[in-house]
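I opened my notebook to work through a new structure, one feature at a time. Here is what I looked up.

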Amino acid sequence: MTGEPGGPSGLPSELVLTAGPPANGGSCVARHDGRVVFVRYALPGERVRVRVVADRGKYWHADAIEVIEPSPERVESICPIAGADGAGCCDMAFAEPDAVRKLKGAVVANQLMRLGGYQWRDEAEATADPVGDVGATGWRTRVRLDTTAAGRPGFHRYHSAELVTELNCAQLPDGMLDGLAERSWPPGAQLHVALDDDGARHVVQSGPRAGRDSGRKAPTQVIEGDYEAVQRVGGRTWRVPVTAFWQSHRDAAPLYSRLVADWAQLSAGMTAWDLYGGAGVFAAVLAEAVGETGQVLTVDTSRGASRAARAALSDMGWVSVVTDSVRRAVAAQRRRADVAVLDPPRTGAGREVIDLLASAGVPRLIHIGCEAASFARDVGLYRGHGYSVEELRVFDSFPLTHHLECVAVLSR
């Protein structure tokens, strides 16, 4: 290992390190004089020259800027705008997609053991499953762009307010952003772009916030198409605001919907809860399983998502759509659920919600998580209440990135 002075706060500006195993968040673990260095844009086993970018006391963060001894799994970047000096969109575009899936599986296996006390698979054997057949590129159907002070749209650099105004990210289908770079936009505005299941493109501008309105919800303006995009899953149609959440991978919502229907093991007359339910995609398959004699509750804090759920599920009178926090909604229930499905934000469901579910005596849970550490912590909390993991899968729902999706079914 070698170093040169001149980095942040007197740290060495550059080091030559050997990257070790993958860490949660897209880095590899390396060491310099006993200190942990989290290195981005490197693969395990590679010898790389890195630029130290942050000091966190006990550890440093660094970016690989030169590969001295490459891994056989390294490729020419699949995304032309990503990298240490580029956009933060495709932070794993320099590796074979199959290798990235193995790294994601290893990270989840490690986090489950460390934070959840659960042995899923050996890290060397774990892998993430592909989603659909679109491959590593062209899979994204929703994207948000910010705008520069000069009014140009762009993608953020990694953990930075600075924007890259080249828009040819490899995640996007051809033509998705055509014409947007040629227009001048209000500085500080955001552009929400969606390709829906009818093949239509929708562009909605939100903001910019200004003056006394800076603390209020940003105003929106439809630039192209409609405010709501048409989405179809399992023969049912949703109209979801372009600014609201919908799975960004074109094949993710149908895949997760089928998995929930299979793992729920519901029958007529049962009760199911769809928590953090968004537009009610899971509520639809749960309602089909329990039938008119059953009950389904779907809960989300988003008014726009709840409106979409009420419209899409209006023919299912046994579905209740509640706009509230999951904690309050679950605490208010007087009838125990036979199954609860949770799809919480990146921070996870957390102790309070999981304690409520355990106290309510819900015997079967399907938990979806998009961040490995919070997912592992939640699994540990369930296990502390006597739940056992029946099945667990990891999906490469965000190819070319370190992001992933985990789904587990637990029972007691």
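My entries below go from ground rules to helices, the sheet, cysteines, backbone and one histidine.

**Ground rules**

I am working with a predicted model, where local features need pLDDT of at least 70 and side-chain atom pairs count only at pLDDT 80 or more, while totals for chains, interfaces and linings use all residues. Residues are numbered from 1 along each chain as its sequence is written, and side-chain values use heavy atoms, with hydrogens and water left out.

**Helix H1**

I noted that helices (H or I, at least four residues) and strands (E, at least two) are DSSP runs, numbered from the N terminus. I then checked the length of H1, residues 97-116. The expected span of a helix is 1.5 Å times one less than its number of residues, so the 20 residues of H1 should span 28 Å, and the end C-alpha atoms, 27 Å apart, agree with that. After H1 comes Gly-117, with a positive phi near 65°.

**The sheet**

I looked up which strands pair, meaning that DSSP finds at least two bridges between them. I found an open sheet of eight strands with mixed pairing, in the order E7-E21-E22-E20-E19-E16-E17-E18. E7 (129-130) and E18 (319-323) are at the edges with a single partner strand each, so one side of each has no neighbour in the sheet.

My reminder for later: strands of a sheet pair through backbone hydrogen bonds, either parallel or antiparallel. E16 (271-275) and E17 (295-300) run parallel and are joined by five bridges. Leu-275 has Val-299 in E17 as its bridge partner.

H1 does, touching E7, E21 (388-396) and E22 (405-411), and its direction makes about 150° with that of E21. Helix H7 (372-384) lies across E19 (339-342), E20 (364-369), E21 and E22, at about 165° to E20. For these angles, axes are lines fitted to C-alpha atoms, for helices over the stretch in contact, and angles run from 0 to 180 degrees between N-to-C directions.

**Cysteines**

How many disulfides does the structure hold? I found zero, taking a disulfide as a pair of cysteine sulfur atoms within 2.5 Å. The sulfur of Cys-89 has its closest cysteine sulfur in Cys-169, 3.7 Å away, which is too far for a bond. For Cys-406, the nearest cysteine sulfur is that of Cys-370, 8.9 Å away.

I also looked up accessibility: buried means under 20% relative accessible area, exposed over 50%, partly exposed in between (1.4 Å probe, protein chains only). Cys-89 counts as buried at 15%, and Cys-406 is buried at 0%.

Most residues other than glycine have a negative phi, and most peptide bonds are trans. I found a cis peptide bond between Gly-207 and Pro-208, with omega about 5°. Pro-208 sits in the loop between E12 (201-206) and E13 (220-224).

Tyr-41 has a positive phi near 65°; it lies in the loop between E4 (35-40) and E5 (47-55) and is buried, at 8%. His-159 also has a positive phi, near 50°, in the loop between E9 (153-156) and E10 (163-164), but His-159 is exposed, at 72%.

**His-402**

Is His-402 buried or exposed? I found it buried, at 19%, in the loop between E21 and E22. A polar contact of 2.6 Å joins its side chain to that of Asp-91. My note on the term: a polar contact is a pair of N or O atoms within 3.5 Å; within protein, one must be able to donate a hydrogen and the other to accept it, and residues adjacent in sequence count only if both atoms are side-chain atoms. Leaving aside neighbours within four places in sequence, His-402 is in contact with residues including Gly-25, Met-92 and Lys-104.

How values were computed:
Contact = heavy atoms within 4.5 Å.
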